[in-house]
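Visitor: I'd like a close look at one strand and its surroundings, please. Could you walk me through that part slowly, and then show me how it sits in the whole chain?

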Amino acid sequence: MASHDPPAAVRALLARGRTAAIVSHINPDGDAVGSLLGLGHMLQQAGLQVTLALADPVPENLLFLPAADTIVRRVATRPDILIAVDSGARERLGDAVPAEWPIDLNIDHHKANTLYGRLNVVVPDAPSTTTVLAEHAAAWGLTITPPAAQALLTGLLTDTLGLRTAAVKPATLRLVARLMELGAPLSTIYYEALVARSFAEIRYLGRGKARAQMTGRVIWSYLTRRDRAETGFTVPDDAGLVNALLNAREADLAVVFVETDQPQLVKVSWRAKEGWDVSELARAFGGGGHAAAAGARVPGELAAVQQRVLAATMHFHRTHQVPQPLPADTPNP
Ligand SMILES: [Mn+2]
C-alpha cells in the first residue's frame with residue numbers, strides 16, 4: 001500500500017528531537033544498510049545524535065561503507081525519534097528495537113508495507129528505499145553529504161542488481177548522476193558491493209557451477225560441507241550460485257541445494273525468470289520468499305532432499321501447481 005505523509009510532517013518530526021535511532025530488516029541487504037547509513041549521515045549532519053541498529057551483522061560486501069562499523073545490534077536507549085527504513089513489516093526489524101516502542105517514521109518501497117509507522121513514506125514504484133531518501137532529502141531539510149551519497153547509491157545499485165531490473169527508469173539514471181556529483185564513487189561501489197568475491201568463494205562457487213545439470217528447463221546443482229572444507233569458504237550458503245545458474249538461457253527455474261553445518265538439514269534456494277512464482281513451492285517445503293526468489297530449509301540427507309524437491313519442482317514447471325500431496329517425508333509447513 002502506498003502512503004505519503006507530507007514533507008512538512010517529516011520535517012516537524014525531525015526538528016522535534018535531539019536523538020534519533022534508525023533500524024532496518026533482519027538479514028540486511030545493500031538497500032537496508034545503505035538506507036541506514038545514508039539517513040544516519042544526513043541526520044548527524046543536521047545535528048542529531050544518531051544510533052544505527054541491525055539485528056543481524058552487516059554482510060562483508062558492505063563493510064567498505066563509511067561508518068558501517070558503528071552499526072550496533074540493538075537500540076539500547078529509547079531515542080526521541082525512532083525511524084525504520086526498507087522494512088515492509090515491523091516484525092522484519094527482529095530485535096533491533098524493543099517491540100513496544102512505536103516507530104515514528106517508516107520509510108520504504110515494498111508494495112506490501114503494512115504502514116506500521118506514525119508517519120509513513122512508502123513509495124512502491126521506487127527502485128530502492130535509498131531512492132526515496134535521496135528524493136525527499138531536500139524537502140525534509142536534509143543535506144546529502146559525500147558519505148551519505150555513497151551509502152544511498154549503494155542501496156540503489158544493489159536493489160537493481162547493478163541497474164538491470166525493470167524498475168530502472170531514466171529518472172533513476174539521473175539520480176545516479178546526481179549522487180556521483182555529490183561524491184559517490186560509482187565504480188568503487190559497483191566493485192565492492194556487487195562484484196568482489198574472496199578467492200575461497202570463487203573456488204566454492206566454481207564447484208557448484210561445474211556440477212550444474214539441466215532437467216527439462218530446470219537448472220540445478222548442489223554444494224556440500226566438504227566443498228566448504230576443501231575451498232576454505234566458511235559460510236553455509238550458496239555464494240550466489242542460484243543466481244548464476246539462472247543466467248542460463250535454456251532455464252526457466254534454478255534450484256540449488258546446500259548442505260548446512262547441521263546434519264540432516266539442507267538449504268534449498270529457488271530462482272525464477274519473469275512469469276514464474278516459486279514462492280508457493282518454497283512455502284510447500286516450509287519456507288517462503290518472493291515470486292522470483294524463494295527458499296526453504298528441508299530436513300533430510302542431501303540426495304533424498306534433492307530427489308523430493310526436484311520432483312516437486314518439475315511437477316510445478318509442467319503444471320504451474322505444487323503437487324498434492326507432496327512427495328513423501330516432506331515436513332508439514
Ligand atoms: Mn529495498
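Guide: Val 218, Trp 220 and Tyr 222 point one way from β8, while Ile 219, Ser 221 and Leu 223 point the other way, and all are buried. Strands here are DSSP runs of E with at least two residues, helices are runs of H or I with at least four, and both are numbered from the N terminus. Buried means that 20 or more other C-beta atoms lie within 10 Å of a residue's own; with 12 or fewer the residue is exposed, in between it is partly exposed, and the C-beta atoms are placed from the backbone. Strand β8 covers residues 218-223, and because six of the six are buried, it is largely enclosed by the rest of the structure.

A word on what you are looking at: this is a predicted model, in which local features need pLDDT of at least 70 and side-chain atom pairs count only at pLDDT 80 or more, while totals for chains, interfaces and linings use all residues. Residues are numbered from 1 along each chain as its sequence is written.

Now for the neighbours of the strand. Two strands pair if DSSP finds at least two bridges between them. On one side, β7 (residues 213-215) pairs with β8 in the antiparallel sense over three bridges, and Thr 215 has Val 218 as its bridge partner. The hairpin of these two strands has two residues between them, and there Gly 216 takes a positive phi near 60 degrees. Strand β9 (residues 253-259) runs parallel to β8, joined by six bridges; here Val 218 is partnered with Leu 253.

Step out from there and you meet the rest of the sheet. β9 is joined in turn to β10 (residues 265-272) by seven bridges, in antiparallel fashion, with Phe 257 standing opposite Val 268 in β10. Helix α11 (residues 302-319) packs on the sheet and touches β7, β8, β9, β10 and β12 (293-299). The direction of α11 makes about 165 degrees with that of β9; axes are lines fitted to C-alpha atoms, for helices over the stretch in contact, and angles run from 0 to 180 degrees between N-to-C directions. Taken as a whole, six strands form an open sheet of mixed pairing, in the order β7-β8-β9-β10-β12-β11. Its edge strands are β7 and β11 (288-289), each pairing on one side only.

Where does this sit in the chain? The protein is divided into domain 1 (3-195) and domain 2 (199-319), with bounds taken from an automatic or database domain assignment. The C-alpha centres of the two domains lie 30 Å apart.

Ser 24 is buried, with 32 other C-beta atoms within 10 Å. Ser 24 and Arg 308 are 284 residues apart in sequence and 36 Å apart in space, C-alpha to C-alpha.

One last stop is Ala 239, in the loop between α8 (225-231) and α9 (241-246). Phi of Ala 239 is near 55 degrees, a positive value in a residue other than glycine. Ala 239 counts as buried, because 26 C-beta neighbours lie inside 10 Å.

Notes: Two residues are in contact if their C-beta atoms, placed from the backbone, lie within 7 Å.
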